[in-house]
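Let's walk through this structure together, one topic at a time. Keep the picture in view as you read.

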Amino acid sequence: MPGFLKVLFRNLLEGPSTDPFPLVPETFTPDRLRGKVVIDENLCMGCGICSYYCVAGAINITRREDSHTITVWHNACCRCAACRQFCPVHAISLIPDWHSAHPEEEKYNVIEQKTIKYEPCSVCGKMMRPVPEAILKKLYVNNDDVDLAHVRSLCPSCRQLEDARRSAGLPAAETKKAVE
Amino acid sequence: MALDDLLKKNSVRSPWLFRINAGSCNGCDVELATTALIPRYDVERLGCRYCGSPRHADIVLITGPLTTRIRDQVLRVWNEIPEPKVTVAVGICPISGGVFREGYSIDGPIDRYIPVDVNVPGCPPRPQAILEAVALGLKIWKKKLGLEE
C-alpha cells in the first residue's frame with residue numbers, strides 16, 4: 001500500500017490538526033507557561049530584589065511611610081521569571097495566562113499593582129511591615145512556646161530584644177496597649 | 001446605489017498582512033512565521049495572508065525596538081502602506097522598548113513615531129496571542145472602513 005494512503009486515512013479519521021482558537025474560545029495552554037506576573041500581597045515584604053533583577057525594568061516599588069506599592073508593567077515584562085527565581089518569600093509567580101492583546105488606549109493600564117499597608121510596632125510604635133505568618137511559622141518551627149501573634153506585631157529591633165529576653169529567661173516587654 | 005452599499009457591507013473582507021522588522025532579535029518574527037505557515041495556527045482562516053509589498057497591505061505587524069539605524073527605512077515603508085491601515089506592535093520591544101529600553105541605539109518605543117492600534121506584549125508572544133491581536137486588528141480595521149460600529 002502506498003504511504004500516502006496511510007496518511008490519507010489517518011487524516012480522514014483524526015480530522016484537521018488546526019487549532020480552532022480565535023473562532024472558538026477554548027485552546028490548549030501548557031501548565032508551566034510563563035504568562036502574566038502575579039504578586040501575593042500577603043507575602044511581599046517590599047525588599048526590592050525583584051526590581052533589582054528585572055531585566056526589562058518592569059517592576060517598580062514605591063515606598064511610603066506607612067505602606068509600599070509594587071507595580072509590574074506587563075508591557076515591559078519579558079517573562080524571564082528572574083523575579084520569581086530570586087524572591088526570598090515566593091511572593092511573585094507567573095500564571096499561564098497569555099491573553100495579552102489589547103488596544104493602544106489600554107497600554108498603560110495592563111499592570112499588576114498591589115499596595116501593602118504597614119502596621120505600628122506594638123512596643124515602640126514604629127511603622128513596619130508585619131512578617132507574614134507563613135514565614136514566622138518557618139522561623140519559629142522549633143519554638144512551640146512562642147506566641148506568633150505577639151511576635152508578628154513587633155518591629156525587627158524589638159523582636160531581636162524580645163528573643164534575647166526570652167533566651168535570658170526575662171519577662172516580655174510591655175506593649176503600648178498594656179502601658180496605656 | 002443601494003445594491004452597491006449592500007454588497008460593500010456584506011462582502012467578506014480579507015486584510016493582507018505585512019511585516020516590518022524594526023531591529024528585532026528575530027524571535028517575534030519566528031512566531032509570526034509560525035502563526036502564518038504551520039497548519040496548527042493557520043492565520044489564513046481569518047482571511048489574512050502575508051504580502052511582499054507594503055502597497056498591498058492592510059494590517060502591518062511591527063517587531064523590534066526601532067533602532068536608530070533602521071528608523072528612517074521603517075518610517076518610509078510604513079508611509080507607503082495605504083490608509084486605512086492597522087498597526088500591530090508585536091512583542092514588548094516595539095511597545096515599551098523591552099529589555100533594550102533606553103539603550104544608546106534605540107529610538108523607540110514605536111508609538112513615538114507611528115500611531116499604534118493594537119499591542120500584543122510577550123517575549124515573544126504566543127502564536128495564539130498573535131492570532132488574538134490580528135482578530136482585534138481586523139475589528140479595528142473594519143471600524144476604520146466604516147463597516148462596523
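Two strands count as paired if DSSP finds at least two bridges between them. This is a predicted model, where local features need pLDDT of at least 70 and side-chain atom pairs count only at pLDDT 80 or more, while totals for chains, interfaces and linings use all residues. Residues are numbered from 1 along each chain as its sequence is written, and chains are lettered from A and ligands numbered from 1 in the order in which they are written.

- β5(A) and β5(B) pair antiparallel over two bridges, and A:Pro103 stands opposite B:Val118.
- β1 (residues 16-21) of chain B pairs with β2(B) in the parallel sense over two bridges; here B:Leu17 has B:Tyr50 as its bridge partner.

**Where the chains touch**
- The contact (C-beta atoms, placed from the backbone, within 7 Å) takes 28 residues from chain B and 23 residues from chain A.
- On the side of chain B that touches chain A, α5(B), a helix (a DSSP run of H or I, at least four residues), gives the most, with seven residues.

- B:Ala133 touches A:Ala101, B:Val88, B:Val118 and B:Val120, leaving aside residues up to four places away in sequence.

Terms used: Contact = placed C-beta atoms within 7 Å.
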